Amino acid sequence: MITQYENYQRDGYLIIEDFISDDMCDRLIKQANQLIEKFEPRKSRAIFSTKHHELTKQQYFLDSGDNIHFFFEEDAFDDKKNLRKEKKFCINKIGHALHKHDNIFADFSRSSMITDMLKNISITDPRIMQSMYICKQANFGGEVTCHQDSTFLYVNGQPITGLWFALEDATIENGCLWAIPGGHHGTLKSRMIRKNNNEIVTDTYDPSPWDLTKMIPLEVKRGSMIVIHGLLPHMSKENISTRSRHAYTLHVMSSKDEFAKDNWLQQDVLV
Ligand code: FE2
């Protein structure tokens, strides 16, 4: 009999339906909405000049490794720097330390059902490296181009593992995940590196484009979890529907392995 672990080894991803209850989905959505409600956008977008704005934006991103920070959709602002829609419909994602700084998300992220499941894929002593709440807004949520998570969170040892929790149904229309089954057997194409001066650069090892014709949609019901291998090529398209596609994600590794020191997310914030 093929076990879940063998499926995961073969495909580079695993879908587990009904992993979290409706109640839990509701609780996480409600908590995210409350965090967005309390968030004051202007604090995060002091705009003095384009260059200054870019530096501010980059620092806000780097600081998000140990904070709860809010990131807007690319088209969220009009020419006069005003939000085009109500704030809660303009947020792209919240990250990257909800699992540390918010009690509701922390309790869920560290729950035994997650740590038990991770044992099936050889992670017996998980260390959560980052968390994200992704809104994928109705008619507005942008595309996430094809990538491997190890590009952003490189681990010496078993590659970073993504856990993707569907808090709402994810369909082709509202921007579900797509992946290349078995694509994790290939090599890492690039790495995002944080230099000593905090400059972020990308090292490219393989400039060839992804064969997007091999992508298949991973449509899942609310409550499902998708486990994603760090080398699996995956993406999501724009949300062209009238329904949002909220999801919560965790990136975990085994404590036995070494998190690369030149990742954008730095070791010293990960106590
Ligand atoms: Fe990803």
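Modeller: Let's start with Phe 61, which counts as partly exposed at 22% relative accessibility. Here buried means under 20% relative accessible area, exposed means over 50%, and partly exposed is in between (1.4 Å probe, protein chains only). Phe 71, at 16%, counts as buried. Keep in mind that this is a predicted model: local features need pLDDT of at least 70, side-chain atom pairs count only at pLDDT 80 or more, and totals for chains, interfaces and linings use all residues. Residues are numbered from 1 along each chain as its sequence is written, and side-chain values use heavy atoms, with hydrogens and water left out.

Why put those two together? Eleven aromatic pairs turn up in the model, and Phe 61 with Phe 71 is one of them: the ring centres are 6.5 Å apart and the planes meet at 70°, so this pair is edge-to-face. (Rings of Phe, Tyr and Trp, using its six-membered ring, pair if their centres lie within 6.5 Å; planes under 30 degrees apart are stacked, over 60 edge-to-face, the rest tilted.) Phe 61 belongs to helix 3 (residues 50–63) and Phe 71 to strand 2 (residues 68–72), so the pair ties together parts that are ten residues apart in sequence. Helices (H or I, at least four residues) and strands (E, at least two) are DSSP runs, numbered from the N terminus.

Now follow strand 2 into its sheet. Seven strands make up this open sheet, in the order 1-12-7-14-4-3-2, with antiparallel pairing; two strands pair if DSSP finds at least two bridges between them. Strand 2 is one of the edge strands, along with strand 1 (13–16), and each of them pairs on one side only. On average, neighbouring strands in this sheet are turned by 20° against each other, ignoring direction. Such angles come from lines fitted to C-alpha atoms, for helices over the stretch in contact, and run from 0 to 180 degrees between N-to-C directions.

Ile 94 has Tyr 133 of strand 4 as its bridge partner. Helix 6 (residues 112–119) packs on the sheet, where it touches strands 1, 4, 7, 12 and 14, and its direction makes about 135° with that of strand 7. Contact here means heavy atoms within 4.5 Å.

Six of its six residues are buried, so strand 7 is largely enclosed by the rest of the structure. In a regular strand the side chains alternate between the two faces of the sheet. You can see both sides covered in strand 7: Thr 161, Leu 163 and Phe 165 are buried on one face, and Gly 162, Trp 164 and Ala 166 on the other. Five bridges tie strand 7 to strand 12 (residues 225–229), antiparallel, with Phe 165 opposite Met 225. Another six bridges join strand 7 to strand 14 (residues 247–254), again antiparallel, and there Trp 164 is partnered with Thr 249. Phe 165 also sits in a cluster linked by ring pairs, together with Phe 19, Phe 105, Phe 108, Tyr 133 and Tyr 248.

There's a second open sheet too, with four strands in the order 5-13-8-11 and antiparallel pairing. Strand 5 (144–147) and strand 11 (216–218) are at its edges with a single partner strand each, so one side of each has no neighbour in the sheet. Neighbours in this sheet are turned by 25° on average, direction ignored. Two bridges join strand 5 to strand 13 (residues 234–236), antiparallel, and Val 144 stands opposite Ser 236.

Last stop: the iron ion. His 147 (NE2), Asp 149 (OD) and His 234 (NE2) coordinate the iron ion at 2.2 Å. Donors are N, O and S atoms within 2.8 Å of the metal (3.2 Å for Na, K and Ca), and water is not among the atoms, so sites may look incomplete. Along the sequence, the donor residues are spaced H-x1-D-x84-H. His 147 is buried at 14% relative accessible area, and Asp 149 is buried at 7%.
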